[in-house]
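Open the model in your viewer and keep the sequence panel beside it. The tour below moves from one selection to the next and says what is there.

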Amino acid sequence: MARRIQTLLVASVLALVLVVMGLWLPVPFVMLSPGPVTDTLGRPDGKPLIEIVGRKTYPTSGNLDLTTVEEVPKLSALDAVRGWFDGDRAVVPRELVQPPGTSDEQVRQENTAAMIDSQDQATSAALGELGITPTGTSVVVHEIIDASSPAAGKLRAGDVIVAVDGVAVTTPQQLQEAVLRVRPGQPVTISFSRDGDAPTQTSITTAAARNDPGRPVIGITTTEKQHYPFTVEIKLTDVGGPSAGLMFALGIIDLLTPGQLTGGRTIAGTGTIDASGTVGPIGGIQQKLLGARRSGAVVFLVPAANCPDARESAPAGLRLVRVETLKGAIDDLNALADSPQAPVPGC
């Protein structure tokens with residue numbers, strides 16, 4: 001009997017040790033929590049977030065806050081358990097934020113590319129809403145397809161391609177036609193500008209397209225950036241993804257038009273945007289709502305597709321306004337600036 005009790009005690013201690021050790025083992029989950037907010041009308045680090053050069057701007061007040069989500073990518077089982085019981089956080093499978101087979105660096109590059117594209121789309125949407133027509137276009141690298149791409153290590157997201165083998169290119173189609181002039185395995189000389197600097201050159205040896213061995217590629221995706229009679233520059237670092245597009249566009253419009261969209265209050269929001277002004281859904285709506293309210297927001301602009309989740313998690317004191325287009329968001333904000341209780345679409 002004594003030996004049996006001793007065996008049970010030893011087994012129990014070993015089981016307890018294994019449980020404790022297991023709590024510190026990594027698990028395939030990511031924790032999302034409310035991130036910092038940034039006023040698109042403000043001056044983080046003493047510099048305007050949105051800088052407009054060559055066009056008259058107007059004074060404004062209040063805040064147009066973009067909201068973010070902080071990710072903790074590496075969790076222990078204990079961290080995950082704590083997160084599940086914390087109403088401010090969400091624990092989700094890693095594959096929802098990092099597709100299987102992609103590296104941390106690939107995800108970072110994709111988020112950076114999405115942010116750059118978001119800024120360009122927001123600028124086009126805002127200036128289009130104001131009736132300002134573009135004066136030209138340029139080709140911007142959206143992303144390097146993978147680490148084995150011919151352009152890997154030579155080009156990066158945000159680079160502006162100005163010429164191929166000395167021939168100027170201003171659209172993605174022109175870039176493609178220029179590369180098609182050579183055979184797979186032959187080099188092309190790419191002239192590009194990075195971070196606004198003078199153009200420089202790099203030689204890239206083309207590869208054969210995976211689904212078409214006779215077609216040369218350099219392994220990038222691109223977007224078309226529109227140019228206008230003046231410069232709009234958005235200076236935001238350490239934030240990735242496309243979800244700030246709506247708030248960028250509203251900030252640009254507020255600066256370029258008399259009056260104030262905010263009514264002097266703190267307005268927060270989220271949403272992707274395309275050049276036509278259509279607002280799209282985002283992730284992490286619960287955490288963004290909490291972050292906005294903690295920063296003093298009284299109104300939150302919610303993409304229509306996110307309304308069901310927003311209704312369930314909206315903190316007290318934060319009015320939800322349903323938006324589908326940039327024009328609709330402007331109309332709603334103007335109505336609320338005139339009367340905070342105006343009947344605008346809600347969630």
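**First stop: a strand residue**

Select Thr-223, which counts as buried because its relative accessibility is 16%, under the 20% cut-off. This residue is found in strand 16, which covers residues 220–227. The model is predicted, so keep that in mind at every stop. Now show the residues that Thr-223 touches, leaving aside those up to four places away in sequence: Asp-117, Ser-138, Val-139, Val-140, His-142 and Pro-172.

**The whole chain**

Zoom out and colour by secondary structure. The protein has 8 helices and 22 strands. Of its 347 residues, 41% count as buried. How do the contacts run along the sequence? Among contacts between residues at least 6 apart in sequence, 72% join residues at least 24 apart.

**An alanine in helix 5**

Next, select Ala-249 in helix 5. Is Ala-249 buried or exposed? Its relative accessible area is 0%, so Ala-249 is buried. Not counting residues up to four places away in sequence, Ala-249 touches Ala-122, Ala-126, Ile-273 and Leu-326.

**Salt bridges**

Side chains of opposite charge can pair when their charged atoms come close. In this model the count comes to 8 salt bridges.

Select Lys-235 and Glu-51, which form a salt bridge with their closest N and O atoms 2.5 Å apart. The pair links distant parts of the chain, 184 residues apart: Lys-235 sits in the loop between strand 17 (231–234) and helix 5 (245–256), while Glu-51 belongs to strand 4 (residues 50–53). Lys-235 counts as partly exposed, at 33% relative accessibility. Glu-51 is also partly exposed, with a relative accessible area of 26%.

Move on to Asp-146 and Arg-210, another salt bridge, where the closest N and O atoms are 2.8 Å apart. Which parts of the chain does this pair tie together? Asp-146 lies in the loop between strand 9 (136–144) and strand 10 (160–164), and Arg-210 in the loop between strand 14 (207–209) and strand 15 (212–217), so the pair ties together parts that are 64 residues apart in sequence. With the surface on, compare the two partners. Asp-146 counts as buried at 16% relative accessibility, whereas Arg-210 counts as exposed at 74%.

Select helix 8, residues 326–338, and show the side chains of Lys-327 and Asp-331. These two residues form a salt bridge, with the closest N and O atoms 3.1 Å apart. Both lie in helix 8, 4 residues apart, which is about one turn of the helix. Lys-327 counts as partly exposed at 46% relative accessibility, and Asp-331 counts as partly exposed at 39%.

Terms used
Residues are numbered from 1 along each chain as its sequence is written. This is a predicted model: local features need pLDDT of at least 70, side-chain atom pairs count only at pLDDT 80 or more; totals for chains, interfaces and linings use all residues. Side-chain values use heavy atoms; hydrogens and water are left out. Helices (H or I, at least four residues) and strands (E, at least two) are DSSP runs, numbered from the N terminus. Buried means under 20% relative accessible area, exposed over 50%, partly exposed in between (1.4 Å probe, protein chains only). Contact means heavy atoms within 4.5 Å. A salt bridge is a side-chain nitrogen of Lys or Arg within 4 Å of a carboxyl oxygen of Asp or Glu.
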